[in-house]
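I opened the file to look up fold order, packing and the chain contact. My notes follow.

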Amino acid sequence: MRVRQPARAVALRGRSQQVLRDHLSADSLTSRRDYLRVMTTVSGGLTVGSLAVSAGVLHRHGDAEAADRLAPGQAVLFTYPGAYDRAMAVRLADGGVVGYSTVCTHLACGVLWREDRGEEGELYCPCHEGAFDIRTGQVTQGPPPRGLPKVLMQERADGSIWAIGTAYADETVPPAACGRLGAAHPRADAITCHQRANGEGN
Amino acid sequence: MSFPPDYHPGSDQPRLNRPVPERYPQIRPTSGYADARILHSGPGPGAGTEQEPERSALLTARLLVVLSIVVGQLRALSLAVDAWMEGHTGTAWWCTGFQLLSFLIALGAWRIGTQDR
């Protein structure tokens with residue numbers, strides 16, 4: 001049996017449906033005033049961001065923390081000059097920093113830093129017991145046919161250490177490496193070659 | 001805060017400040033803000049809800065000013081990051097000063113008429 005609804009209830013339901021349809025299809029109620037407030041907030045956010053950047057929230061490549069300092073006898077691995085060219089920097093006992101490729105010239109095994117070998121430590125290849133002098137990179141033992149390619153290191157006044165170029169194993173660093181470095185980085189060449197001329201470089 | 005301090009949107013006559021649907025039963029939400037039946041600023045026949053249309057234009061102008069400021073701030077932020085990464089900390093702080101000044105102007109542009117529409 002069907003129950004007849006009062007006409008007033010039907011009218012109310014029709015009215016509510018109409019209101020709902022109008023509400024759903026109405027224009028956005030975001031006004032220019034709201035938009036102005038939002039953009040002012042964005043402006044404040046950008047100011048805070050800039051403040052954080054200036055205060056040093058971003059990490060800079062090469063920033064040296066006290067804990068990151070390379071102590072005498074310690075080594076650090078990195079890639080240079082390409083992302084797949086493995087290299088190593090070693091702090092010598094006298095405070096100097098030397099850098100070499102860690103790819104053995106014999107069969108391309110990874111070369112290790114062994115502080116306990118030799119007088120000042122050696123770069124040691126565990127595959128066939130090759131060893132390289134830490135100061136010159138020349139072969140001191142084993143089958144490698146030539147010394148390790150050098151990576152030229154520069155330590156700056158702020159304590160950061162930078163790889164700035166490469167040199168062949170049999171190359172005395174100053175003339176040839178300096179010239180090649182100058183071709184790629186004229187400014188770096190001016191600095192390092194000037195130091196070298198004054199007897200400060202390696 | 002608003003300028004002038006005694007400004008309030010709408011008319012001094014309360015009957016003209018009734019909600020739009022009450023004053024114009026024919027206008028529905030789907031009519032949009034710019035209903036063709038609202039011909040003049042009020043009060044009077046055909047008036048909309050805005051009694052001082054020049055404030056509406058000012059609101060648009062202020063919004064444009066703030067948008068320009070935000071564009072400038074985005075540029076300044078990129079400059080600040082570049083300067084910081086290159087080690088020019090002083091330049092980064094100058095950019096931050098510019099950002100702060102820009103924000104204060106934007107804040108003023110917003111606060112000077114919070115009731116405008």
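In what order do the elements of chain A run from the N terminus on? I read α-α-β-β-β-β-β-β-β-β-β-α-α for chain A. I kept in mind that this is a predicted model. The tally for chain A is four helices and nine strands.

Next I checked burial and contact range. Chain A has 202 residues, and 25% of them count as buried. Taking contacts in chain A between residues at least 6 apart in sequence, I found that 31% join residues at least 24 apart.

I then looked up the largest nonpolar core, which holds 24 residues. The members that touch the most other members are Met88(A), Val90(A), Tyr100(A), Val111(A) and Leu123(A). At least two core residues each come from strand 2 (86-91), strand 3 (97-101), strand 5 (122-125), strand 8 (150-155) and strand 9 (161-167) of chain A. Strand 2 of chain A gives the largest share, four residues.

Leaving aside neighbours within four places in sequence, Tyr100(A) is in contact with Ala87(A), Met88(A), Leu123(A), Gly137(A), Leu148(A), Pro149(A), Lys150(A) and Val151(A).

Last, I turned to the contact between the chains. How many residues does each chain put into the contact? I noted 25 residues from chain A and 34 residues from chain B. On the side of chain B that touches chain A, helix 2 (53-85) and helix 3 (89-111) of chain B each supply at least two residues. Helix 2 of chain B has the largest share of that side, 16 residues. By type, I logged the residues of this side of chain B as 23 nonpolar, seven polar and four charged.

Conventions: Residues numbered from 1 in each chain as written. Chains lettered and ligands numbered in written order. Predicted model: local features only at pLDDT ≥ 70, side-chain atom pairs only at ≥ 80, totals over all residues. Contact = placed C-beta atoms within 7 Å. Nonpolar A, V, L, I, M, F, W, Y, C, P; charged D, E, K, R; others polar. Core = buried A, V, L, I, M, F, W, Y, C linked by C-beta atoms within 7 Å. Buried ≥ 20, exposed ≤ 12 C-beta atoms within 10 Å, placed from the backbone.
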